[in-house]
Amino acid sequence: MEPTKSAPRAAGARREQILREAARLFAERGFHGVGVDEIGAAVGISGPGLYRHFAGKDAMLAELLVGISGRLYAEGKRRTEGAPAQALDALVRGHIDFALDDRPLITVHDRELDRLRDSDRKMVRQLQRQYVELWVDVVRQVHPATSEQDARAAVHAVLGLLNSTPHLGPQGGLPGRAATAALLHRLALGAFAALDSSGDRQVTY
């Protein structure tokens, strides 16, 4: 029975390897700048061999973008199960992990989302909206005086900040992942804390 069980695991691991290399290559050279043969070479199999796992590059792109959107939403739901303050901290830390460990996917999403089929693109957008609403709900629990509109704007701003990691350079702009993660964590929670500041305070220049 063991070979029967191990075969699906091996196939799944191979698919993940293919997707990881496809994301890296798409981020580096663009969707149309990468051929199936190049993706195959990156994982040590022939280009045609990829068709045992995916129907083609379009299918890889769809699985990458729909897959990460679904994973973020599912993981976000799990992270909101605690008390509000802990849930917000967990959401921030979870997205930082994504932003630092899956930077090619951020680049691919920004550049290639419009290449998806309408149904896949709508699914990505739907999952992203649901993910944002998880954050909005938790932010308003932690900062109850904040309007829904302001909370949503703050969430989008913080996600934009965290998703800026592809522009920080190969080392994240800091000496090591831990330092980068700590800085992003402080900046994100600081942005949400600013929601409690007085709205009628005027700044003069």
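## Close-up views of an all-helix predicted model

**View 1. The largest nonpolar core.** The largest nonpolar core contains 55 residues, and F26, I39, W135 and F192 are those with the most contacts inside it; such a core is a set of buried Ala, Val, Leu, Ile, Met, Phe, Trp, Tyr and Cys residues joined through side-chain atoms within 4.5 Å. At least two residues of this core are supplied by each of α1 (2-29), α2 (36-43), α3 (57-79), α4 (84-101), α5 (103-112), α6 (118-142), α7 (148-162) and α8 (177-193), while α6 gives the largest share, 9 residues. The model is a predicted one, in which local features need pLDDT of at least 70 and side-chain atom pairs count only at pLDDT 80 or more, whereas totals for chains, interfaces and linings use all residues. Residues are numbered from 1 along each chain as its sequence is written, and side-chain values use heavy atoms, with hydrogens and water left out.

**View 2. The whole protein chain.** The secondary structure comes to 8 helices and 0 strands, where helices (H or I, at least four residues) and strands (E, at least two) are DSSP runs numbered from the N terminus. Of the 205 residues of the protein chain, 38% count as buried; buried means under 20% relative accessible area, exposed over 50%, and partly exposed in between (1.4 Å probe, protein chains only). Among the contacts in the protein chain with a separation of 6 or more, 68% are accounted for by residues 24 or more positions apart, contact meaning heavy atoms within 4.5 Å.

**View 3. Helix α6 and W135.** The end C-alpha atoms of α6 are 36 Å apart, which agrees with the 36 Å that its 25 residues should span at 1.5 Å a residue, the expected span being 1.5 Å times one less than the number of residues. The buried residues of α6 are D120, V124, L127, Y131, V132, L134, W135, V136, V138 and V139, and they pack against α3, α4, α5, α7 and α8. When its neighbours within four places in sequence are left aside, W135 is in contact with L88, L91, V92, H95, V155, V158, L159 and F192.

**View 4. The buried face of α7.** In α7, A151, A154, V155, V158, L159 and L162 are buried. Seen down the axis of α7, these buried residues fall within an arc of 130°, so they line one face of the helix; the arc is that of the directions from the helix axis to the C-beta atoms. On the other side of α7, Q149 and A157 are exposed, whereas the buried residues of α7 pack against α4, α6 and α8.

View 5. L189, found in helix α8, is partly exposed with a relative accessible area of 27%, and, leaving aside its neighbours within four places in sequence, L189 is in contact with L88, D89 and V92. L189 and D89 are 100 residues apart in sequence, yet their C-alpha atoms are 7.7 Å apart in space. A85, placed in helix α4, is also partly exposed, with a relative accessible area of 45%, and the C-alpha atoms of A85 and V138, 53 residues apart along the chain, are separated by 7.9 Å.

View 6. An unreviewed UniProt entry lists residues 35-54 as "DNA-binding region"; UniProt positions are given in the numbering used here, feature names are shortened, and annotations may be inferred rather than shown by experiment. The end C-alpha atoms of residues 35-54 lie 14 Å apart, and the span is 40% helix and 0% strand.
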